[in-house]
Amino acid sequence: MQTRKKYIFLTFLASWLLLFFFFGDQLRRFAFFSGRKAEARRNWPRWTDRSLLKNFADPEELQRDGDRSLLSPRERRAAWLSVYKNSRCRMETCFDFSRCEKNGFKVFTYPRQRDQPISESYSKILTSIERSRYYTPNPEEACLFILSIDTLDRDHLSRQYVRDVDEKIRGFPLWNGGRNHLIFNLYSGTWPNYTEDLGFDIGQAILAKASFDTESFRPGFDISIPLFSKDHPQRGGERGWLYQDSIPPRKKYLLVFKGKRYLTGIGSGTRNALHHIHNGKDIISLTTCKHGKDWEKHKDTRCDKDNVNYEKFDYQELLHNSTFCIVPRGRRLGSFRFLEALQAACIPVLLSDGWELPFAEAIDWGKAAIVGSERLLLQIPSAVRCIHPERVLAFQQQTQFLWDAYFSSVDKIVHTTLEIIKDRLSLHRSRSRFLWNTLPGGLLVLPDFSTYLGDFPFYYLQHGTSPSEKFTAFIRAVSQAGSLSQPILRLIQAVSGSRYCAQILVLWSCEKPPPPSGKWPQTTVPLTIIQGRRKLSDRFFPYGAIQTDAVLSLDEHTSLSTSEVDFAFVVWRSFPERIVGFPTQSHFWDPEQGRWGYTSKWTNELSIVLTAAAFYHRYYHSLFTEYLPEGLRELVDGLAACEDILMNVLVAAVTKLPPIKVTQRKQHKETVAQQVGWAAGSRRFSQRQDCLNQLVDWFGYMPLVSSQLRLDPVLFKDQVSVLRKKYPRLEK
C-alpha cells in the first residue's frame, strides 16, 4: 500500500515538474500581469489629503500590459546611453567652463547681417537676449554664443529655410566646432518622415529645440523648448484663463479635441483614432481632413461627416469650457495646442510617445499634465474620470503658474533656457526642482543670493518659519548742506527707539563728505555711514551690512514716531513678501491720453507704497540689482524719483499682490510735499508718470495691483481706555 502511495506521489510530482518546465514562462507572465493590475488598483491616487498629493502617474504606467519587453522611449534611451555613453556630448565634455569663470554667465549674439533675412520669431529670441542682464557686446567676455543665422525652421520646403549653414558657420572664427554655442530650432525635417535632421552639423553646440525626441535628446546638455507661433508676445504676455470664481473645477466638457486629421503619413495613426472616444456629450473629439491642397483626392468615407461636425463647435469655446484637452502629436511631436491648453487652464492630456517635454529638466510635468500613451487612447476617458476634483483644481492651478512663469512670452522661454544652462555651470548654486515648480518660480529666485529657502520671503508659511525679529533702518541722505538737519536727527532718534531695530545705516549721497562721528546722535543701536555713488538706484543695492530680513527704507525728511515703526514692522512680519509702509499713491488708465496715469491724491485705492517710509525684504535689493537689466537701472538714475516706482513694480510682478498701507499720521504726507516748490513738484510728478509708462512698456504689461486695504491696530480710535490700547500714540 505504501509503495502504491509512493508511486502516486512521484507521478504527481513529475506531472507538476513537466507542467512547470513547458508552461512556466506563461504562468510567470500571468502572475506578473495580475500582480501589476492589483498593484495599480491599490496605488491609484486617492486625493483626500494634501500631504498625499503625489504626482499623478501617467496612464501608460498604471495600465501597462505587463510585458517587460515593451520599454518606454525613456528606458530605451537609458539603455542606449549605457552602451554609447562616451560618444554623446555632456557639459563636462563639450562645454568650456573656463570661459564663464572670469566674467560670469554672459551671452554674446553674433552681429546681424544685412543680407541675411531673419524670421519674426528668431528676431524676438535675439531681442530677448540683447535686452537681458546676460547680454554682453564683447565676445571676449562671453560664456555662451548665439548665432545670428536663423535656425528655427529647418524644413527645406519652407520659405524661411536658410541654405548653406554649414559653409557659413565654418567661416565664423568664434564657432570652434560649436563649443559654448546655443542653437534654437522649432521645426526640423520635412515630408514625409520629419526627421530630427537640421541640415547642418551642430558639432558640440547645445540644441534648444521644440518637438525633441527622447531618442536624440542629450540629457543634461540639450534643452527641450515649447513650439510657439510667430504671434507669441515678445514680453509680458496674456494672463491665464483661470480666475478665482472659476470653480468648481469641473467644466461643461470633460475632454475635448478639435484639429486636423492626417489621412496618411507620420502622425496620422493617433489622430485617425480620436473619433472613437467622441460621445457628443462631455467628450468632444472633432477632426477635419479639409486641409492641404489635395485633401479631396485622398479623403476617406469619414471626411464629409467629420467636416460637418467640425464646424459646429468653436475652438476657443471648447478651450474655455473643458477640464482636459487632448494634445496629440502632429507631424512632429509638439504642437501649438500645448501652450494654448496651458493658458486656458485646460489640463493637457499628452498623446505623443517619445516627446521630451519642454524644460523637463526643471519642470515637474506630473503636476500639470497627464502623460498618456498613443497605444492606450481608448483608456484615456476612464483614466481622467477617476481624478478627484481637488486634484483637478491642483492641476489647473499649476498650469496657470507654469504658463505665467515660463511660457507666456518669448522673453520667458528664452530666459528659462538660459537659466537652466547657467544652473549647470555651478551645481552647488543651482535651483532645486522645488524652486522651479513653486511660486514665484525659478526665474525670480536667484541662487547667487542664497540656496537656503528660509532666506527668501516666499516660503515662510510652507516651512513653518518666520522672518527675523529685527530690522535694519536704511536712511538715504541727499541734503546738499553737508550737515545734519533736524528732521534726520529726529528720525534717527525715533527709529533707534524701536525695540525691533537692529542697526541704522545712512546712505550718504551728498557732494560734501559726511559729518564726523561726534556730530551724529548717540543711539542704542549701531549707526553706520555708507558712502553712496549719488545714484538713485544706490538705495536698493544689496549692501553686505544689511543682515536682517527686514529693511526699513527711509528718506531723510521722513517723519515717523516709534509707535508707527513698531506697528508697521509687526504687520510686515505677517506679509514678508510685500511692501508695507505709510505714504501711498495709485495708478489708473487714462483713456483720453491712451496711457497710464499716476496720482498722489488721497483716494480709496492704492497700488504704490513709497519707499520713503516702507518695510520690505532685503532679497528685493538683490533682485533689483541683479535680476533687472542694466537698462532699467539707467532709466531710474536718469529720472528723478523713479526708483520707488520701479521697486513697487518689481515686487508686484513677483508676488502678483498689492502693497499694504498701515496707519499713519496725515501730516507725514504733507511734510514730504513741502520739500519742493510748485514748479519743481510739477516737473517731478510728470517724470514719475513718464517713468511708470516706460516701465510698463519694458515689462510688457502693468504689474501693479490695486487695493482698498489699510491695516490699523486693534482698538484703533475705539471708545475705550487708552490703557487698553497697544499703540495709543498713533492716535495723537
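Modeller: Here is a walk along the chain, one bond after another. Keep in mind that this is a predicted model, where local features need pLDDT of at least 70, side-chain atom pairs count only at pLDDT 80 or more, and totals for chains, interfaces and linings use all residues. Numbering starts from 1 along each chain as its sequence is written, and side-chain values use heavy atoms, with hydrogens and water left out.

Searching the whole structure turns up five disulfides (pairs of cysteine sulfur atoms within 2.5 Å). Count the bonded cysteines along the chain and the pattern reads 1-2, 3-4, 5-6, 7-8, 9-10.

Cysteine 89 is buried at 13% relative accessible area (buried is under 20%, exposed over 50%, partly exposed in between, using a 1.4 Å probe and protein chains only). Cysteine 94 is buried too, at 5%.

Next, cysteine 100 bonds to cysteine 143, with the sulfur atoms 1.8 Å apart. Here the link is right-handed, at 60° about the S-S bond. It ties together distant parts of the chain, 43 residues apart, and both cysteine 100 and cysteine 143 are buried.

Further along, cysteine 642 pairs with cysteine 691, S to S 1.8 Å. The torsion about that S-S bond is about 60°, so this disulfide is right-handed. Again distant parts of the chain are linked, 49 residues apart, and cysteine 642 and cysteine 691 are both buried.

Conventions:
Helix = DSSP H or I, 4+ residues; strand = E, 2+ residues; numbered from the N terminus.
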